[in-house]
Amino acid sequence: MRTNLIIKSKSWLLSTALVGSLMVSCSSDDNSKSEKKLTGSQEFYNVAFGVSSEGNSGTFTQAFTDLTTGDISFKGKGFEVPSVRTARIYGTPSGEFLYNLSYGGGFLYKYNINGGSDYFQLEETNVQIAMGTAYPRWKVLNENDALVHTINTEKIYEGETYSHTDATAVLQRVVLEDLSLAERTEVVIPRTDDDLHIWRIDNPAIQNGKAYYGVAKQGYDPDTDKRIRTSDYKATTLVVDYPSLQNPTLLESEVAKGSTYGYRAPVYHADESGDIYHISANPAKIIKIKDGAYDNSYELDLSSSLGIANVGANGWFYVGNGIGYVPFYDASVGKASDKATPWGVARVDLYNKTAIKMNLPENLWLWYYQSGVLAKDGNFYMAIAPLGEKGNIYMFDPKSTSPDGFTKGANLDSGADSFYIGVY
């Protein structure tokens with residue numbers, strides 16, 4: 001059942017705003033020209049660029065039909081995707097539409113892609129009304145549906161003595177055709193044996209009528225009234241029926257610990273056999289859900305596979321046939337942008353349980369990295385640039401087991417405290 005909490009935009013073509021002196025939109029197309037393009041079927045690659053690694057950040061995109069050659073710069077170019085704190089954007093497999101959640105603004109947006117800095121707004125929906133917060137998270141699942149989600153917590157007391165914290169998940173399905181709001185539920189998450197509670201969920205995947213969400217847990221100290229940060233708990237997955245979003249259950253791994261919700265990159269993927277593979281954050285392990293339960297005989301430990309004492313990760317990308325690519329960091333150094341070169345990208349083979357560090361430039365920072373694209377040529381495209389330096393579109397060959405199994409495409413320009421966050 002759909003609810004019509006929809007606010008349509010009266011302004012069909014959005015202009016971009018000036019951010020410092022670095023960039024401004026240079027789209028000169030008028031409304032009639034953009035409207036004529038709506039009937040076309042384009043296949044664009046959207047390259048996204050972020051400004052400011054601290055606090056609120058701006059996000060800019062440009063659309064290209066070919067990323068194998070040429071030069072890409074956001075100086076004086078780029079469409080600014082609306083955001084308050086940051087933009088959470090997705091593209092569709094067809095390459096026809098771009099979607100955005102203004103994190104902190106509570107609005108969803110849908111755009112038709114016309115090329116370059118020209119994006120044509122089709123829909124706008126206030127999802128804050130349904131979620132009760134301007135800071136939900138979301139995941140575009142396919143060409144048709146997305147899920148928006150948040151967690152509400154309540155401290156429970158027995159008399160004046162703290163007992164535990166209840167966690168309630170607010171789950172909302174979105175129909176991407178018009179950004180209308182469909183099924184919405186609030187479900188109390190089952191408690192586990194530890195003294196922790198779930199405080200965040202994200203990055204769901206759908207398989208066999210179930211939605212699998214990654215989670216993060218924490219504790220609470222009533223004596224100090226402060227939360228207890230920890231990763232010392234079994235890696236956990238929240239499962240609900242789909243699309244009803246009812247009947248919550250929790251799965252707990254016996255082979256991995258810590259959070260599983262990721263950050264901005266995807267975490268849960270279904271392979272061609274219908275098994276779910278997902279990554280835990282730190283230490284980073286890829287683990288497996290089969291037939292609705294954890295297969296505790298399976299784990300791909302990135303630390304041992306890469307020969308690094310402690311590997312962390314906040315998501316990964318599945319290409320197909322058991323192959324994926326993982327942005328990772330050396331957790332003994334840290335993940336912050338001011339630390340010394342902790343980041344890299346590894347090619348993982350799920351079925352052979354191997355991981356290979358790709359020979360990429362040093363001084364990478366991929367904490368905000370969100371998306372890559374499996375292109376029509378069979379290669380996996382990522383936008384990689386060292387901090388403050390020029391970079392490239394890297395076209396990884398999934399069939400190659402070499403650390404040099406890639407070619408370089410378009411040249412990427414960069415700038416101070418700016419970074420590429422993905423190809424969509």
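Which residue stands opposite Ile289 in β21? In this predicted model, Tyr294 in β21 stands opposite Ile289. Residues are numbered from 1 along each chain as its sequence is written, and side-chain values use heavy atoms, with hydrogens and water left out. Because the model is predicted, local features need pLDDT of at least 70 and side-chain atom pairs count only at pLDDT 80 or more, whereas totals for chains, interfaces and linings use all residues.

View A. Strand β20 covers residues 285-290, strands being DSSP runs of E with at least two residues, numbered from the N terminus. Five of its six residues are buried, so the strand is largely enclosed by the rest of the structure; buried means under 20% relative accessible area with a 1.4 Å probe, protein chains only.

**View B. The pairing of β19 with β20.** Strand β19 (residues 276-279) pairs with β20 in the antiparallel sense over four bridges, where pairing requires that DSSP finds at least two bridges between two strands. His278 has Ile287 as its bridge partner in β20, and five residues lie between the two strands of this hairpin.

**View C. β20 with β21 and β22.** Two bridges join β20 to the antiparallel strand β21 (residues 293-294), and this hairpin has two residues between its strands, with Asp291 in the turn showing a positive phi of about 55°. Two bridges also join β20 to β22 (residues 300-301), again antiparallel, and Lys285 stands opposite Asp301 in β22.

**View D. Surroundings of Leu67.** Leaving aside residues up to four places away in sequence, Leu67 touches, among others, Tyr45, Val47, Ile72 and Tyr381, contact meaning heavy atoms within 4.5 Å.

Note on methods:
Buried means under 20% relative accessible area, exposed over 50%, partly exposed in between (1.4 Å probe, protein chains only).
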